[in-house]
Amino acid sequence: MAELTALESLIEMGFPRGRAEKALALTGNQGIEAAMDWLMEHEDDPDVDEPLATPLGHILGREPTPTEQGGPERPGSVVGESKPILTEEERQEQTKRMLELVAQKQREREEREEREALERERQRRRQGQELSAARQRLQEDEMRRAAEERRREKAEELAARQRVREKIERDKAERAKKYGGHGGSQPCPPTTEPGPVPSSPSKEPPTKREYDQCRIQVRLPDGSSLTQTFRAREQLAAVRLYVELHRGEELGGGQDPVQLLSGFPRRAFSEADMERPLQELGLVPSAVLIVAKKCPG
């Protein structure tokens, strides 16, 4: 009778008969409260309305009756008994208690879901903070590597410029030692230059803009080119030395002396021009030079 009373109560509360019978069977017929707990927990299951394949006697948690087994029905058996008839007031009171129990189970479920949602939100924020910290560390590492790379490139550039200066000084010393006997005859030309200055002051460029740097593009014999920025007061020998240092990398070797030419106007720079500043040779702010192999003679 207890099973039938619980089943009717669940049906009156709005649960389908098949679902109510399944809940009572799977909870071992431990009462309406256990059945309601099962129904609340499994109401979203896709197979909640599928019937059980177990015989009725096992569903209700008891042995099959003689009638179910095909035997004669015993007098006074449960099947032969009639269930108690509830009055209207008792039925309403029972329904009220069941509805209150359903509401309580619903509140408990909502509170549990709210706690789970809060925990998921805390985990999401924690993961977001960890991801942001990892991204920040990655950016800092990239900035540190970039700074180290810039410092290394700057140090290499300074070392290259220092090698160029040292090479220029050695070339000066070698030329001074080689052409030292002819140094006495060279001071004559500068004495003739001051003469025309007062007679043609219009040719002087005192009002021209002064440039501190000049950009030199050097065309090599194989068609490639080198481009570098020099100070306007550097000597032309610095350009020649730069070409000699880098043409090996470009052409795979070859350390023969080179001669620098200007394309327009056509001009071949002499050994004396190598010690003149780029500004004085008219190569500022930019110029294009051509490399030709220097004849041994």
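This is a predicted model: local features need pLDDT of at least 70, side-chain atom pairs count only at pLDDT 80 or more; totals for chains, interfaces and linings use all residues.
Glu114 sits in helix α6, which covers residues 88–178.

Stepping back to the overall layout, the protein is built from nine helices and five strands. Read from the N terminus, the elements go α-α-α-α-α-α-α-α-β-β-α-β-β-β. As for burial, 23% of the 297 residues of the protein count as buried.

Now for the rings. The structure has one aromatic pair. The partners are Phe230 and Tyr242, arranged edge-to-face, with 5.8 Å from centre to centre and 85° between the planes. Phe230 belongs to strand β2 (residues 225–231) and Tyr242 to helix α9 (residues 236–251), so the pair ties together parts that lie twelve residues apart in sequence. Phe230 has 7% relative accessibility, so Phe230 counts as buried. Tyr242 comes out at 13% relative accessibility, so Tyr242 counts as buried too.

Helix α2 (residues 17–26) is another place to look for buried residues. Its buried residues are Arg19, Ala20, Lys22, Ala23, Leu24 and Ala25. In general, an α-helix makes a turn every 3.6 residues, so residues three or four places apart point the same way. Just after α2 comes Gly28, which takes a positive phi of about 70°.

How values were computed: Residues are numbered from 1 along each chain as its sequence is written. Side-chain values use heavy atoms; hydrogens and water are left out. Helices (H or I, at least four residues) and strands (E, at least two) are DSSP runs, numbered from the N terminus. Rings of Phe, Tyr and Trp (its six-membered ring) pair if their centres lie within 6.5 Å; planes under 30 degrees apart count as stacked, over 60 as edge-to-face and the rest as tilted. Buried means under 20% relative accessible area, exposed over 50%, partly exposed in between (1.4 Å probe, protein chains only).
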